Structures are given as C-alpha cells and as structure tokens.
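Reader: I have a model open and want to go through it piece by piece. Can you take my questions as they come?

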Amino acid sequence: METKKEKITTKKKIKQFLMINLGVILMAIAYAIFVDPHNLIIGGTSGLGTLFSGFEFLSFLKFELFDVTFGTSQIIMLALNIVLLLFALLFVNKEFFFNSIYVSLAYPIFSILFAFLYEKFLKNYFIDMEMIRKIAEQIVNHNGDLSVEMLENVLRIGPYFLMIIFGSTISSIGIGLALKNGSSTGGVDILQKIFLDKFKIPFSVSLIMIDGSIVLLSAIYFRSFFVILYGVIYILISGVIIDMIVFNGFNSRAINIITDKPENIKEAVIKRFDRTVTEVNVIGAYSGKEKTMLVCVMANSEFYQLKALIEEIDPKAFIYTTRASEVHGEGFSYGDAPKANRKWKKK
C-alpha cells in the first residue's frame, strides 16, 4: 500500500514533469515564432539550426505539409542535440545523460509543431522581413546613393527589438522552469559540462566561448554587424530573466541549515555534492534549546537539489541563504562540484 510520503513524492514528481514540459513548450514557442523565422541568432544549437538552415545543401530537410514548408532549423537542432547527448553519455556520466535527454529531444520536436502552426496560421500577423527588404529595394531604386543592406537593417531595428524582447522573455521563462524543476536544458549545456569536467573551464566562460563563436560565425555569414548586437542583447536579457526565475541572483549561495538531524544532512551534502560543511552550535532564543547549524557554499545550480534533499531528511529544518559574491579556496569550485549529482540513499 502506498504511504502518504510516497504519494507526496509522486505528486511532486508529476508537478515537476508538468513544469518541465511547460518550460519546453515556452522555449519552443519563442524559437519557432519569434527567433527562427526572423533569422535571430541566439547561440546554442538553436542558433546553429537557424544559421545552417540557410545553407542550400540542407534544403532537403524541409517538411511540406498542407502547402506549408517548415522544419529545417528544428531538424538540424534535433540532430545536433542527439550528437551532444552521445557526448554526454561518453564523456560525462549516465545520470547527466538521462537528465538531459528529455529536454534535448522534446525542445526541437515541440519547435517543429509550433513552426508549422506559425507558418500556417500566424505568419501573416507578424512583420514580414521579406517585405521589409522589398521596401528597401524600392527606396534604393529611387535613390541610388543608398545601400539596400544598410537601409534594410535600419527598417528592421524596430521589429527586431520586439522579437528579441518577447522571444528572450518567453524562452528564458521556459528555461528557468526547466532548470528550477531539476532538468538540464541539454544542447550546449552538455559541452559546458564537458569543458568544466575535463578542462576546469567555468560555465560562464564556456558560455561566452560557445555562444559568442556561434553569433560571430553568423555575423560573418550574414555579413552584418547587427547580428552580433542583436545576439548580445538577446543573451543578456535571457541571462537576467533566467537568474530571476531560478536563482534570484548571479552568485553562489551561502546556505545556512538549522536542523535536528545534522549528521544525516552533513553526510548527504558531503557524499552527494562533494562540498565541505561547517558546524556551528546555536541556541534558539525562544526555546532556549541548543541546536546545530550547518553552513555550506554551493553553486546556484545545486541549491534546489540540496533543498529537496533537506526536505526529505528533515522537513522541519530551517533554511536561509545569502548571496556569496566571491568564493575561493579549498572545498569549493565554480559550477558543479567534481563529484556532484552522485546518488545518495537515506539510511
């Protein structure tokens, strides 16, 4: 017979799965409606999908359904994600692979669905970038001193900013929901994980390296400096919103735990996250009882995993966190801990 605790755990897992799906759907909507149709390059496998979709030799990847052509970018993104998943399995670990597999596959599949809906029903309600180019050509024909490309970029500034603001906001909310509910977003996150584990390159540095390279390549391909500016704005907005949803801050977390089960929690933190813990003896002002407070510093990405673990061990534990603006020294490394995400079983 299922216990009350098992029922609560099951409901929690169902809720997490639903929230992850909501996150994936929002990411797909942002990409299929606001980003890809307007050639916005935002980094990641989605950015590569948009970039490579312009290559003539990949045109065979297009779908044709009900007189609508779509799907090239999404198919490319799906293929890239599958390759990166194999990298995760070979170079990271099975747990990270399984944590990444759902979003890595669901995101491009949902994007295909929304790309079809956009092309079939919504496209006429959005500003057509081809129309902007035609207007630019007409103006240039009457004034030969103007450049079509420059005039086109000027005319696109307003529409592009709308696409960037709405696309980055919707996508970031989706990514934040996925991360907050324990899922990896897959894609280049896998490369970032490999760079961290193998070369000790922090997530923030590898993100700039990977996404920056993709945006730069796109700028060269499209021969437009505006691509870089738009990409940077998109990435900055996304970073702020994701941080607000998931972490409510940019830095690591100093976590303080007052509990009646310090040994169990301490063992779990050390074994699962490979973090050091400091014990502090405290006295409750109201109760007058002596208790133990555990203090540890963790990366933002580990905080919600730790919170769930503490709730499992001691639901009555009092937890509060503060931002750690700078952390260095023995027992801490930025990003995931070297042995993070290991299995831990409650005794």
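Reader: In S6, which residue is the bridge partner of Ile 255?
Author: The bridge partner of Ile 255 in S6 is Thr 321. Helices (H or I, at least four residues) and strands (E, at least two) are DSSP runs, numbered from the N terminus. Before going on: this is a predicted model, where local features need pLDDT of at least 70 and side-chain atom pairs count only at pLDDT 80 or more, while totals for chains, interfaces and linings use all residues. Residues are numbered from 1 along each chain as its sequence is written, and side-chain values use heavy atoms, with hydrogens and water left out.

Reader: How many bridges join S3 to S6?
Author: Seven, and S3 and S6 run antiparallel. Two strands pair if DSSP finds at least two bridges between them.

Reader: And what about S3 with S5, how many bridges there?
Author: S3 and S5 also have seven bridges, in the antiparallel sense. Ile 257 has Leu 294 in S5 as its bridge partner.

Reader: What is the strand order of the open sheet?
Author: The order is S4-S5-S3-S6, four strands with antiparallel pairing. The edge strands, S4 (278-283) and S6 (318-324), each pair on one side only. On average, neighbouring strands of this sheet are turned by 25 degrees against each other, direction ignored. Axes are lines fitted to C-alpha atoms, for helices over the stretch in contact, and angles run from 0 to 180 degrees between N-to-C directions.

Reader: Over how many bridges do S4 and S5 pair?
Author: Six, with S5 covering residues 290-298. In S5, Thr 292 is the bridge partner of Asn 281.

Reader: Which strands does H10 lie across?
Author: H10 (residues 262-273) lies across S3 (252-259), S4 and S5, and runs at about 15 degrees to S5. Contact here means heavy atoms within 4.5 Å.

Reader: Is S3 largely enclosed or open, and why?
Author: Seven of the eight residues of S3 are buried, so S3 is largely enclosed by the rest of the structure. Buried means under 20% relative accessible area, exposed over 50%, partly exposed in between (1.4 Å probe, protein chains only). H2 (residues 44-52) is largely enclosed as well, because eight of its nine residues are buried. Among the buried residues of H2 are Gly 44, Leu 48 and Leu 51.

Reader: Switching to helices. At what angle do the axes of H3 and H4 cross?
Author: At roughly 175 degrees, and the axes of H3 (residues 72-91) and H4 (residues 94-122) come within 9 Å. H3 and H4 are therefore roughly antiparallel to each other. Angles under 35 degrees count as roughly parallel, over 145 as roughly antiparallel, 65 to 115 as roughly perpendicular and the rest as oblique.

Reader: Which residues meet there?
Author: On the H3 side they include Ile 75, Leu 78 and Leu 85, and on the H4 side Phe 97, Ile 101 and Leu 105 are among them.

Reader: Now Ser 238. Buried or exposed?
Author: Ser 238 is buried, with a relative accessible area of 10%. Ser 238 is found in H9 (residues 226-247). Not counting residues up to four places away in sequence, Ser 238 touches Ser 168 and Ser 172.

Reader: Where is Phe 66?
Author: Phe 66 lies in the loop between S1 (63-65) and S2 (68-70). Phi of Phe 66 is near 55 degrees, a positive value in a residue other than glycine. Phe 66 is exposed, with a relative accessible area of 56%.
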